[in-house]
Amino acid sequence: MRIGSAIFLIAIGAILAWAVAPGLIPNVNQAMIGYILMVVGVIGLIASLVMASPARSRRVSESRTVVDPNTGETVTRNESRDAGI
């Protein structure tokens, strides 16, 4: 669920809970459905914000040392990158 769809669920839930006249849909408690939609929207909004937030930066560093067979020179290569990418 993305941020936009979470906000949409919150808005639809608020409309059903507070703005629509009770009894518009027979045998259905519109206010309860509205509250449920708002709760699901808030949970989705929180989850999408947590997923979109920058995670802790995990850096991986590697060091490789190789001896060049032609010249006998030692070559060291250091590489640093983000984990998970």
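This is a predicted model: local features need pLDDT of at least 70, side-chain atom pairs count only at pLDDT 80 or more; totals for chains, interfaces and linings use all residues.
**Entry: Tyr35**

I started with Tyr35, which at 37% relative accessibility counts as partly exposed (buried is under 20% relative accessible area, exposed over 50%, partly exposed in between, with a 1.4 Å probe and protein chains only). Residues are numbered from 1 along each chain as its sequence is written, and side-chain values use heavy atoms, with hydrogens and water left out.

**Entry: the ring pair**

How many aromatic pairs does the structure hold? I found one: Trp18 and Tyr35 sit edge-to-face, 6.2 Å centre to centre with 70° between the planes. Rings of Phe, Tyr and Trp (its six-membered ring) pair if their centres lie within 6.5 Å; planes under 30 degrees apart are stacked, over 60 edge-to-face, and the rest tilted. Trp18 belongs to helix H1 (residues 3-19) and Tyr35 to helix H2 (residues 30-52), so the pair ties together parts 17 residues apart in sequence. Helices here are DSSP runs (H or I, at least four residues), numbered from the N terminus. Trp18 itself is exposed, at 59% relative accessibility.

**Entry: helix H2**

I checked the span of H2 next: its 23 residues reach 32 Å from first C-alpha to last, close to the 33 Å expected at 1.5 Å a residue (the expected span is 1.5 Å times one less than the number of residues). Which residues of H2 are buried? They are Gln30, Gly34, Met38, Gly41, Gly44 and Ser48, and the buried residues of H2 pack against H1 (contact means heavy atoms within 4.5 Å).

**Entry: nonpolar patch**

Trp18 and Tyr35 turned up again, in a nonpolar surface patch of about 530 Å² with Met32, Ile36 and Val40. Patch residues have over 30% relative accessible area and no salt bridge, and nonpolar side chains (Val, Leu, Ile, Met, Phe, Trp, Tyr) are joined within 5 Å. H2 gives the most to this patch, with four residues. I looked up Val40 as well: this H2 residue is partly exposed at 38%.

**Entry: salt bridges**

I found two salt bridges, each a side-chain nitrogen of Lys or Arg within 4 Å of a carboxyl oxygen of Asp or Glu. Arg64 meets Glu62 at 3.2 Å, N to O; Arg64 is partly exposed at 47%, and Glu62 is partly exposed at 27%. Arg77 bridges to Glu79 at 3.3 Å between the closest N and O atoms, with Glu79 partly exposed at 31%.

How values were computed: Helices (H or I, at least four residues) and strands (E, at least two) are DSSP runs, numbered from the N terminus. Patches are made of residues with over 30% relative accessible area and no salt bridge: like charges are joined within 9 Å, nonpolar side chains (Val, Leu, Ile, Met, Phe, Trp, Tyr) within 5 Å. Accessible areas come from the Shrake-Rupley method with a 1.4 Å probe; for residues, only the protein chains shown count as cover.
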